[in-house]
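We will walk through it stop by stop.

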Amino acid sequence: MTFHSSKDLNDADGVRTMRIGILGTGAMARALGGAWVRAGHDVMVGGRDTAAAARTAAAVGAGGHGGLAEAAQYGEAVLVAVPADIAPSLAAELAPALAGRTVLDCTVPMAPAADGPALTTVGGTDSVAVRLAAAAPDAHVVKVFGIPHESIWTLPRPAFEAVPLTVPFCADAPPATALTTELITSMGCTPLPCGGLHRAALLEATAVFAIGVWWSGGEARHAFPAPALAPGAIGDEP
């Protein structure tokens, strides 16, 4: 394992430097790891293949790399950036290391179907995030970062039509909400708390819906115009 020591403060802006461990070495690990390095955070990449972890860490400028357990123990926040179908078993394997930490779940549980991508969870309040919380009961779990395509996270301080990107999330405890809010803000984005972890299934379904629209050649954001844009909507009674 190699890593650099963290700082108490990022820079003159007063942004607190967080220690963040990343479980995984793929596209989301690279995209979010790079975004956090740019925001001044102290990142360590972990994988079963430590050579792959080293390559991902080097690609994004992370301060360290190592195995999965080392990354899980490294940060106050830990990103789960592995396939959705193996994420709960990995969380169970690493549960002692994850205890007391905020676990950031960016997974999207989906599989191809005849009429587009479909959720692989059972519906209702079931979600990968809820399964992670059950697998690592002493951790705090947050469903977050899974709706935009990974390429969005490669943009410095992503904004569209001069408005910072809004990042919805669901968390299971106030400390996890506070940490996630701080992390999203440090990335130049706007945090949008969407309730407790029982609502994480809605974010997972939204991600699958958006992916299906993109794959069909459509634009998901065009399906969600603000009510205030309708003629006469301003000042209307609810």
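How far is the sulfur of Cys189 from the closest cysteine sulfur? Keep that in mind as you select Cys189 and Cys194 and show their side chains. This is a predicted model, and the distance computed from it is 14 Å, with Cys194 holding the closest sulfur to that of Cys189, so the two are too far apart for a bond.

**Stop 1: the cysteines**

The sulfur of Cys194 has its closest cysteine sulfur in Cys170, at 5.3 Å. A disulfide would need the two sulfurs within 2.5 Å, so this pair is too far apart for a bond as well. The structure as a whole holds 0 disulfides.

**Stop 2: the whole chain**

Zoom out and switch to a cartoon view. Along the principal axes, the C-alpha atoms fill a box of roughly 60 × 45 × 35 Å. Colour by accessibility next: 47% of the 238 residues count as buried. If you display contacts between residues at least 6 apart in sequence, 69% of them join residues at least 24 apart.

**Stop 3: the largest pocket**

Select Phe160, Leu165, Thr166, Glu219 and Arg221. Of the 25 residues lining the largest pocket, these lie nearest its centre. The space in this pocket comes to about 1100 Å³. To see which elements take part, colour strand E10 (163-164), strand E11 (166-171) and H8, each of which supplies at least two lining residues. H8 gives the most, with 5 residues. By type, the lining of the largest pocket divides into 18 nonpolar, 4 polar and 3 charged residues.

**Stop 4: the second largest pocket**

The second largest pocket has a volume of about 420 Å³. Select Met28, Cys106, Val108, Glu150 and Ile211, which are the closest to its centre among the 20 residues that line it. Helix H1 (27-38) and H8 are the elements that give two or more residues to this lining. The largest share again belongs to H8, here with 3 residues. The lining of the second largest pocket is made up of 15 nonpolar, 4 polar and 1 charged residues.

**Stop 5: the cavity**

How many cavities of 30 Å³ or more does a search of the whole structure find? The search finds 1, and the volume of the largest cavity is about 60 Å³. To outline it, select its lining: Thr107, Val108, Lys143, Val144, Phe145, Gly146, Ile147, Pro168, Leu203, Glu204 and Ala207. Strand E8 (140-144) and helix H8 (200-215) each supply at least two residues here, and H8 provides the largest share, 3 residues. Sorted by type, the cavity lining has 7 nonpolar, 2 polar and 2 charged residues.

**Last look**

Then highlight H8, which supplies residues to the largest cavity, to the largest pocket and to the second largest pocket.

Note on methods
Residues are numbered from 1 along each chain as its sequence is written. This is a predicted model: local features need pLDDT of at least 70, side-chain atom pairs count only at pLDDT 80 or more; totals for chains, interfaces and linings use all residues. Side-chain values use heavy atoms; hydrogens and water are left out. On a 1 Å grid over the protein atoms alone, a cavity is a set of points where a 1.4 Å probe fits but cannot get out, and a pocket is an open set with protein on both sides within 12 Å along at least five of seven lines; lining residues have an atom within 4 Å of a point. Grid points are joined across faces, edges and corners, and a volume is the space filled by probe spheres set on the points. Helices (H or I, at least four residues) and strands (E, at least two) are DSSP runs, numbered from the N terminus. Ala, Val, Leu, Ile, Met, Phe, Trp, Tyr, Cys and Pro count as nonpolar, Asp, Glu, Lys and Arg as charged, and the others, Gly among them, as polar. Buried means under 20% relative accessible area, exposed over 50%, partly exposed in between (1.4 Å probe, protein chains only). Contact means heavy atoms within 4.5 Å.
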